[in-house]
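Let's take a walk through this one together, stopping at a cavity, a pair of helices and a hairpin. Have the viewer open as you read.

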Amino acid sequence: MLATVNPMHSETTLPRLARALAAVCGPVRETDISASQQAGYRISGALKLLSDALAPARRMLHAGDVIYQAGEQFGNLYILNSGLVKIVNLSVDGRQQVVGLNFRGDWLGFDGIAHGRYSCDAVAIDTGEVWVIRYDALLVACAVQPALLALLHEAMSREIGRDRDALMSVCTLPADARVADFLRSWAQSQADGGMRTDEITLRMTRAEIGNYLGMTLETVSRSLSKLARDKVIAFAEKGRRNVRIPDVEALSAFVQRCLTPVPMLQ
């Protein structure tokens, strides 16, 4: 079970977290910096809080490195400091399904808490760094530092929300809108990590994107081409993996247009 906090202190948990992060990042007025910079400061503050409390081990990652595998005994949670990680589920008949993407600031390994074993593979798809935190040590630290418990709950809540949004996209959006929403989500995740949103590098193949979105490779390629023709995105000269996004809101508008019924001619 998760460490509990005295009910008398529950109302002050989030303010304590805010104060703890402010102590690390320093007082910054929202009007002074961009939203992505604010997010970057927040992640840096959270990592500093964890570093001071737990002194986590740091592990360098390269594309293809496996952080943990399905069936492996659970003992650690992982926080991505840089890079990209895909979460892969293996069905009983051998099918592989990409079920999640993780960016800077994301926590990995929550799936192992319930049954004591990880249920998916976590595989790096870019060079980066992950912080390794012993789960039992985290619980002990949470019992005496409410700000850490709030940080853990915030990470869990964020993952639940992102999984819900991804399921909604796959279940309710047509193909072109699904790809547009995927790119919008990728750009937003980069913004949440304090990174630029006007250009993203797709570290996944078209086949992997299709696997994640429930589409064929050919359909993904056609949808990307349509987005480019509509000037919602553009491909960088050095390759079609580098996607320029002039305006992230234009991706959201494209999704809405795909969902708006076409009026019938009288």
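**A cavity, a crossing and a hairpin**

Let's begin inside. Keep in mind that this is a predicted model. The largest cavity is lined by N102, D106, W107, F110, A155, R158, E159 and R162. Sorted by class, that lining has four charged residues, three nonpolar ones and one polar one. Helix α5, which spans residues 146-172, gives the most to the lining, with four residues. As for volume, the largest cavity comes to about 40 Å³, and the count of cavities of 30 Å³ or more is one.

Next, the helices. Two packed helices are described by the angle between their axes and the distance between the axes. Take α7 (residues 206-213) and α8 (residues 217-229): their axes come within 8 Å and cross at roughly 100 degrees. Angles from 65 to 115 degrees count as roughly perpendicular, so α7 and α8 are roughly perpendicular to each other. On the α7 side, the contact is made by R206, A207, I209 and G210; α8 brings L217, V220, S221 and L224. By class, this contact has five nonpolar residues, two polar and one charged.

Last stop, the hairpin. Which way do strands β4 and β5 pair? They run in the antiparallel sense, with six bridges between β4 (residues 85-90) and β5 (residues 96-102). To find your place in the pairing, look for I87, which stands opposite G100 in β5. The hairpin has five residues between the strands, and G94 takes a positive phi there, near 95 degrees.

Conventions:
Residues are numbered from 1 along each chain as its sequence is written. This is a predicted model: local features need pLDDT of at least 70, side-chain atom pairs count only at pLDDT 80 or more; totals for chains, interfaces and linings use all residues. Side-chain values use heavy atoms; hydrogens and water are left out. Two strands pair if DSSP finds at least two bridges between them. Helices (H or I, at least four residues) and strands (E, at least two) are DSSP runs, numbered from the N terminus. On a 1 Å grid over the protein atoms alone, a cavity is a set of points where a 1.4 Å probe fits but cannot get out, and a pocket is an open set with protein on both sides within 12 Å along at least five of seven lines; lining residues have an atom within 4 Å of a point. Grid points are joined across faces, edges and corners, and a volume is the space filled by probe spheres set on the points. Ala, Val, Leu, Ile, Met, Phe, Trp, Tyr, Cys and Pro count as nonpolar, Asp, Glu, Lys and Arg as charged, and the others, Gly among them, as polar. Axes are lines fitted to C-alpha atoms, for helices over the stretch in contact, and angles run from 0 to 180 degrees between N-to-C directions. Angles under 35 degrees count as roughly parallel, over 145 as roughly antiparallel, 65 to 115 as roughly perpendicular and the rest as oblique. Contact means heavy atoms within 4.5 Å.
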